[in-house]
Amino acid sequence: MSQTKPYRVSHLDALEAESIFVMREVMAEFERPVLLFSGGKDSIVMLRLAEKAFAPARIPFPVMHVDTGHNFPEVLEYRDRRVASLGLNLVVASVQEAIDTGLVRELPDGTRNRIQTPVLLNAVEKYRFDALFGGARRDEEKARAKERMFSFRDEFGQWDPKNQRPELWGLYNGRHHPGESIRVFPLSNWTELDVWHYIAKEQIPLPSIYYAHDREVVERGGMFYAVNEFIRLRDGETSEVRRVRYRTVGDASQTAAVLSDADTVDKVIDEVAATRITERGATRGDDKVSEAAMEDRKREGYF
């Protein structure tokens, strides 16, 4: 008599199931959810999860990009192509438009990550979004590890790590009053390596800059920034063409590349498995301001 093989769920299958469950819970509890989509790998994975969560129907909420105006062209092209292929409604909250209308003031150094926050909060109020899917992971940065899956934000869009709800046994409390909102992080229990394994498993296409390519860069503080319209050479600096790739694709004026020959998914997985520095620590200049830089921005209403 043959024995039945034990039923086993892989690590990735378990993560996928949890994320899909969270997305369905949001649709059951909230009236106007939106998925924050920049064309970065984490938001790309979230979009695939949303496809699976609601198939064969279309994804039942819009996507929103808080656009600094300092973008990598490859990422914008991917964003528009992916949104069009799924027939989604794309909401663009423009930092440049906010500068032009006086909502925010451009910083002296020309960087725009910090002034994304009021632009995001203005869009949340304008469109009355009550749940925002974000791609944050707990291995990304210290402040991210303080988040819940459902992260409560008050009527000013601000985050208080001491004013969050327990999430026992996978039960999520989405209760909120008018004007309040919840940030939802379906990838909370994923790591960067999990994301790449999932991209490989699902054969998800990505913007080309995630893979090794030759690019003109300038080294500043041990980080390699692309020379472009947002980053100009300073006195005494010289640029060079190096083989690099991007681990994260944020604001082009603050996001650095890493030296790499990983030009395939499998090579990227091997590279990420060997590294001991998070992608934000290795590539995001705005997180070098202080140990609490991200937490300060989150308290103000950042992603």
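**Strand β6 and its sheet in the predicted model**

Strand β5 (residues 150-153) pairs with β6 in the antiparallel sense over 4 bridges, where strands (E, at least two residues) and helices (H or I, at least four residues) are DSSP runs numbered from the N terminus and two strands pair if DSSP finds at least two bridges between them. The structure is a predicted model, in which local features need pLDDT of at least 70 and side-chain atom pairs count only at pLDDT 80 or more, while totals for chains, interfaces and linings use all residues. Residues are numbered from 1 along each chain as its sequence is written, and side-chain values use heavy atoms, with hydrogens and water left out.

Strand β4 (residues 131-133) runs parallel to β6, and 3 bridges join the two. Along β6 (residues 181-184), Ser-181 and Arg-183 point one way, whereas Ile-182 and Val-184 point the other way; all are buried, that is, under 20% relative accessible area, with exposed meaning over 50% and partly exposed in between (1.4 Å probe, protein chains only).

These pairings belong to an open sheet of 6 strands with mixed pairing and the order β3-β2-β1-β4-β6-β5. Strands β3 (90-94) and β5 form the edges, each pairing on one side only. On average, neighbouring strands of the sheet are turned by 30° against each other, direction ignored; axes are lines fitted to C-alpha atoms, for helices over the stretch in contact, and angles run from 0 to 180 degrees between N-to-C directions. Helix α2 (residues 41-54) packs on this sheet and touches β1 (33-36), β2 (63-67) and β4, contact meaning heavy atoms within 4.5 Å. The direction of α2 makes about 140° with that of β1.

The loop between β5 and β6 contains Leu-168. Together with Trp-169 and Leu-171, Leu-168 forms a nonpolar patch on the surface, with about 430 Å² of accessible area in total. Patches are made of residues with over 30% relative accessible area and no salt bridge, with nonpolar side chains (Val, Leu, Ile, Met, Phe, Trp, Tyr) joined within 5 Å and like charges within 9 Å; a salt bridge is a side-chain nitrogen of Lys or Arg within 4 Å of a carboxyl oxygen of Asp or Glu. Areas come from the Shrake-Rupley method with a 1.4 Å probe, and for residues only the protein chains shown count as cover.

Overall, the protein has 9 helices and 10 strands, and 52% of its 303 residues are buried.
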